[in-house]
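User: I'd like to go through this model with you. Could you keep the answers plain and give the cut-offs as we go?

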Amino acid sequence: MSLFSQTITDFWRTQFLNGDILYTDEVFTVAINPNLDKDRRVMVRETTDCRVMAVLMHVDGR
């Protein structure tokens, strides 16, 4: 059973599904999501099973 509501779990899943996975292994995943809010350019989640997921806003240099 998750410690978080389904709403929170779905929010995090959406951040990764709407982005491109750059790297993933057994404990770490990093993704780029150009649709992140400007107040949330980087988000990091650590799960109870010690997995770390990071999602970053893509910046095109303009």
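User: Which residues make the nonpolar surface patch?
Analyst: Leu-22, Tyr-23, Val-27 and Phe-28 make a nonpolar patch of about 380 Å². Patch residues have over 30% relative accessible area and no salt bridge, with like charges joined within 9 Å and nonpolar side chains (Val, Leu, Ile, Met, Phe, Trp, Tyr) within 5 Å; areas come from the Shrake-Rupley method with a 1.4 Å probe, only the protein chains shown counting as cover for residues. A salt bridge is a side-chain nitrogen of Lys or Arg within 4 Å of a carboxyl oxygen of Asp or Glu.

User: What should I know about the model itself?
Analyst: It is predicted, with local features needing pLDDT of at least 70 and side-chain atom pairs counting only at pLDDT 80 or more, while totals for chains, interfaces and linings use all residues. Residues are numbered from 1 along each chain as its sequence is written, and side-chain values use heavy atoms, leaving out hydrogens and water.

User: Where is Phe-28 found?
Analyst: Phe-28 is found in strand β2, residues 28-32, strands being DSSP runs of E with at least two residues and helices runs of H or I with at least four, numbered from the N terminus.

User: And why does Phe-28 count as partly exposed?
Analyst: Because its relative accessibility is 31%, and partly exposed lies between buried (under 20%) and exposed (over 50%), with a 1.4 Å probe and protein chains only.

User: How do β1 and β2 run, and how many bridges join them?
Analyst: They run antiparallel, joined by four bridges; two strands pair if DSSP finds at least two bridges between them. Thr-24 stands opposite Thr-29 in β2.

User: What is the strand order in the sheet?
Analyst: The open sheet has four strands in the order β1-β2-β4-β3, with mixed pairing. Its edge strands, β1 (20-24) and β3 (42-46), each pair on one side only.
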